[in-house]
Amino acid sequence: MPRVGSQPSSKAWEMLQVYRERYPIDHLLGQVDSLERSIQRREARHHAIRRRLESLEKELSAATAELDAVAQEIAGSRTAGALLIEDIIDRVRQENDERWSPIPIRGFRVWRIESEAVWGNQLSWPEPRLESRCLRSVPGEDIPHSLGRCGPPACGIYALKDLDFFPAGVASCEMRDMAVGVVALAGKVVEHELGYRAQRASVVALAIHHRGHRVVTDRASEIEALFRTPASAIERLENNDVSGPNEARALLERSQKEDKWT
Amino acid sequence: MDIGKELRVIVVEEEEVLVEPVQVEDDRQPVESKKD
């Protein structure tokens, strides 16, 4: 006969019932009875915990379903809001005559040449491109400001629509130590009667008259050199034979008319 | 620089032009030379 201790625990408890009926052994079972009562208390607790867990699982399942439903409602509201916003923005664009262009707008502007730097009205241009910023703005604002939200003068990179809008002598590049050029304007561009204020500008043609040297070019590499090291680049690139006042004006006007989006 | 009254906003969104190489199959048949 196998020893009780070698049986699985459930088998031992079954055999206890058998032996209780078979022999008077209650006097031997004090510890076993105590253990049995402890087991019964724990079984009751185990049952209560299981009921609680089932209840929580039901609650979790209901909350998950509610979460999905609310997420769908949010997505639906966002979609409806986006359509509404698109309609409003379309209407605002039409009412304010806002336009769109896939290619830059070209305008004229001037710089002054001082020693080894090219200067705009307030800032030096160390390279032939510039991104505008407003002294009154916080990062992320819609630059340049429009509808009088800053200034005067309002912010942005300025350019004129026509060379004749400049003072006499500028258009033909006759003024010393000055450069006249064509800039391609991109990003937000605010159109005015005579010119533009832009978010970004890059120089696409340039006529310089500095210390008796003249350079007229629309080559990107030459424009880059003229902005980075103007004095030495002007001497190196001087092309007096093709850079008279008429040629300068003709090249700038031709460059300004390129890539028009109408 | 006085540039006159503000007229409108123009949004310039430069689009990159992607030019993909196009491979054209040559389906011409070889011409047999006629020998007289």
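Predicted model: local features only at pLDDT ≥ 70, side-chain atom pairs only at ≥ 80, totals over all residues.
Local features need pLDDT of at least 70 and side-chain atom pairs count only at pLDDT 80 or more, while totals for chains, interfaces and linings use all residues. Residues are numbered from 1 along each chain as its sequence is written, and chains are lettered from A and ligands numbered from 1 in the order in which they are written.

**Overall form of chain A**
- The order along the sequence of chain A is α-α-β-β-β-β-β-β-β-β-α-α-α.
- Chain A is more spread out than a compact globule, because its radius of gyration is 42 Å, well over the 18 Å that the globule rule gives for 262 residues. The radius is taken over C-alpha atoms, and the rule is 2.2 Å times the number of residues to the power 0.38.
- A box of roughly 130 × 45 × 30 Å along the principal axes is filled by the C-alpha atoms of chain A.

**Domains**
- Chain A is divided into domain 1 (4-94) and domain 2 (105-257), with bounds from an automatic or database domain assignment.
- The centres of these two domains, taken over C-alpha atoms, are separated by 74 Å.

**Burial and contacts**
- In chain A, 26% of the 262 residues are buried, meaning that 20 or more other C-beta atoms, placed from the backbone, lie within 10 Å of the residue's own.
- Of the chain A contacts (C-beta atoms, placed from the backbone, within 7 Å) between residues at least 6 apart in sequence, 65% join residues at least 24 apart.
- The largest nonpolar core has 43 residues, and those with the most contacts inside it are Ala159(A), Ala179(A), Leu185(A) and Leu226(A). Such a core is a set of buried Ala, Val, Leu, Ile, Met, Phe, Trp, Tyr and Cys residues joined through C-beta atoms within 7 Å.
- Beyond its neighbours within four places in sequence, Ala179(A) has contacts that include Val110(A), Trp111(A) and Leu206(A).

- Helix H3 (residues 220-228) has Ile223(A), Leu226(A) and Phe227(A) as its buried residues. They cover an arc of only 95° around the axis, so they sit on the same side of H3(A); the arc is that of the directions from the helix axis to the C-beta atoms.
- Strand S7 (195-210) and helix H4 (230-237) are among the elements covering the buried residues of H3(A).

**Chain B**
- Of its 36 residues, 11% count as buried.

Methods. Helix = DSSP H or I, 4+ residues; strand = E, 2+ residues; numbered from the N terminus. Buried ≥ 20, exposed ≤ 12 C-beta atoms within 10 Å, placed from the backbone. Contact = placed C-beta atoms within 7 Å.
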